[in-house]
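This report describes selected features of the structure shown below.

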Amino acid sequence: MKDDKIVYGSIDDYISGFAPEVQDILQTLRHVIQETAPEAKEKISYQMPTFDLHGNLVHFAAFKKHIGFYHAPSGIEAFQDELKVYHASKGTLQFPIDQPLPYDLIRRIVQYRVQQNLEKAESKAKKKR
C-alpha cells in the first residue's frame, strides 16, 4: 500500500505547497524567527518548519483558517496576558490566517525560548563536568 503522506525535505519545500498569500505570511514568520534567533538551525520536525537551538525552539504550520505557532508550554505561561485574544493551548498558539500576525509578540516569545534553551544547554554542560 502506497503512503500518500507528504514528506518535506526543507522549510522551502513546506512553504512552496501553499497559496502565494499564505507563502508570504510563512516567509515573513520564518524571517522574524531567523532575525530573532540567528544561531538556530532550520529543519523539518513533525512535518513542520522547525528552528533548533540546543533542541527544538519553535515550530510553525499553516492550516485552512490559522497559522499554528508551537513554542512549548512555558511560552504560554510567560505571555498569557497578551495571548488572551488568541486561541491557545498547551504550547500552541493559533493566529487567524486572515489577520496580521503579531510579529512583535512572536519575537519576544522566540527570545524567551532562546534564553530557556541556552540555560538548559548550559545546565546540561555543567552536569557533564
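## Surroundings of H66

Leaving aside neighbours within four places in sequence, H66 is in contact (heavy atoms within 4.5 Å) with A61, Q94, F95, P96 and I97. H66 belongs to strand 4, strands (E, at least two residues) and helices (H or I, at least four residues) being DSSP runs numbered from the N terminus. With a relative accessible area of 16%, H66 is buried; buried means under 20%, exposed over 50% and partly exposed in between, with a 1.4 Å probe and protein chains only.

The model is predicted: local features need pLDDT of at least 70, side-chain atom pairs count only at pLDDT 80 or more, and totals for chains, interfaces and linings use all residues. Residues are numbered from 1 along each chain as its sequence is written, and side-chain values use heavy atoms, leaving out hydrogens and water.

## Strand pairing

Strand 4 and strand 6 pair (at least two DSSP bridges between them) in the antiparallel sense over five bridges. Here H66 stands opposite P96 of strand 6.

Strand 6 also runs antiparallel to strand 5 (residues 87-89), joined by three bridges, and S89 faces T92. Two residues lie between the strands of this hairpin, in which G91 adopts a positive phi near 80°.

## Nonpolar core

A nonpolar core is a set of buried Ala, Val, Leu, Ile, Met, Phe, Trp, Tyr and Cys residues joined through side-chain atoms within 4.5 Å. The largest has 36 residues, with L57, F69 and V110 making the most contacts inside it. Helix 2 supplies the largest share, six residues.

Beyond four places in sequence, V110 is in contact with I33, T36, A37, L57, V58 and F69.
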